[in-house]
Amino acid sequence: MSKALVWLSVVIACFHIHGCEADARKPFNMSQVSTTDPTRYHALRLFNNDHPNRLRPALKKCPIANMLFPVKIFSTQEPYFCPAVFISADSLLASALCLKMIQPMDDHPSSHMFVLVEAEHVFYYEGGRRYVNKIFYHPKLDEEPAYHNVAVVKLRNPIRETVTAGGQSIVACLWSEVSLRNDRVYLGEWFKYQPEQNAAFRWLDLPVITRKECREELSKSKANVPEFDRGVVESQLCVKDAKNRTMIEFCEARTSGPLFMTLGSTVYVVGMPTVHIDDCNVHVEVFNRVASFLDWIEAIVWPHLEAP
C-alpha cells in the first residue's frame, strides 16, 4: 500500500476515534483581555477627550476655544514688569527669575504685586488690579535657575469672567506631551520702549528647531551664559528668529512670555523662557517644556482633581 493511502486511512479512522484528535486549543474569553496592553487590541489613547477618567487635571480644565492672552505682573515698588498667562481663573504661569527681580525678600507679594490688563469688564476690581496672593517657585529653581525657571502665581481673588464677548476663553491650556503637534509656535513679548516709556508689544511666528541646530547656534555666542551649564537638554525646546518674516533680533532688550502652540481653536502653552542671551550673533531662544513641569503645576492649581 502506498504512503498516501496509509495517511488517508489514518485520517478517516480519526474521524471515528476521538483519541486521534489533536490537543484542544486553550479557551480564551473576555476575562483574559488585558488593559495593560491596549495597542494589542487596536486601542489608541484619545487626546483631550471628554472622558473624565482619561484626562490629566490640566486637560480636564482646558477650554475648547481660547485665545493668546499674555498679561503683565507689576510691582508698586519696582520699575519692572513680568509677562504671564492665565491657566485658571486665579492662577498664572510666569517666569520665576523675572518675579524674583521684582519681589523683595522681606515683602509679601500681596502687599505690592498685582496683575492689570486692558479688559476692564474682566478686571474691574480695585481700580483694575488683581493683587497677588502667593507665588509658588519651582523647588529646583535655586539649584538650576535656567532649567527650572517657572512659577505659579495665585491671585487674591479669581477673575469673575474668563470668557470674552466673542466666546473665547482667556485661559490657556497646558500642553501635556513632550513632542509638539505643530512645528510653528507663537511668542507674545514686550520689547524696546516708546517715547512714553511704554514697552511695545509684538506677536512672533517662530519655527521650532532641533536641539542640534540650537547647540550650533549657541556655539556662535561670544557672551558667557553660565546658566546653561548643562547645555540644551531634552526638557527644553528652541525657536529661531526667521529674519525675513519677523525682522527682529533676539539680542534686543525684551521680556519674552510663554511660548504658545495652536491646534484648531485651542491655544496651548508649550514652553516657558529660560534666560535672555544678549548676543546679536545668536538667533535662537531656549524655552523649558511645560510638559516637564506639569505634575508640579497641577498639584498647585488643581489640588483636588485626581490625575488618571
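1. Domain bounds here come from an automatic or database domain assignment. With those bounds, the lining of the largest pocket takes at least three residues from each of domain 1 (66–170 + 295–302) and domain 2 (173–222 + 232–291). The model is predicted: local features need pLDDT of at least 70, side-chain atom pairs count only at pLDDT 80 or more, and totals for chains, interfaces and linings use all residues. Residues are numbered from 1 along each chain as its sequence is written, and side-chain values use heavy atoms, with hydrogens and water left out.

2. The protein contains 7 helices and 13 strands, where helices (H or I, at least four residues) and strands (E, at least two) are DSSP runs numbered from the N terminus. Of its 308 residues, 44% are buried, that is, under 20% relative accessible area with a 1.4 Å probe and protein chains only. Among contacts (heavy atoms within 4.5 Å) between residues at least 6 apart in sequence, 67% join residues at least 24 apart.

3. The largest pocket holds about 810 Å³ of space. A pocket is an open set of points on a 1 Å grid over the protein atoms alone, where a 1.4 Å probe fits, with protein on both sides within 12 Å along at least five of seven lines; lining residues have an atom within 4 Å of a point. The volume is the space filled by probe spheres set on the points, which are joined across faces, edges and corners.

4. Tyr 80, Phe 81, Cys 98, Arg 254 and Thr 255 are the closest to the centre of the largest pocket among its 29 lining residues. Two or more lining residues come from each of β1 (70–75), β2 (81–88), α3 (96–102), β8 (184–191) and β11 (254–263), and α3 has the largest share, 4 residues.

5. Thr 255 belongs to strand β11. This residue is buried, at a relative accessible area of 16%. Leaving aside residues up to four places away in sequence, Thr 255 touches Phe 81, Pro 83, Glu 189 and Trp 190.

6. The largest nonpolar core has 23 residues, of which Ile 73, Leu 92, Leu 99, Ile 135 and Val 153 touch the most other members. Such a core is a set of buried Ala, Val, Leu, Ile, Met, Phe, Trp, Tyr and Cys residues joined through side-chain atoms within 4.5 Å. Helix α3 gives the most to this core, with 4 residues. Apart from it lies another core, of 20 residues, including Val 150, Met 272, Ile 300 and Trp 302.

Technical notes
Buried means under 20% relative accessible area, exposed over 50%, partly exposed in between (1.4 Å probe, protein chains only).
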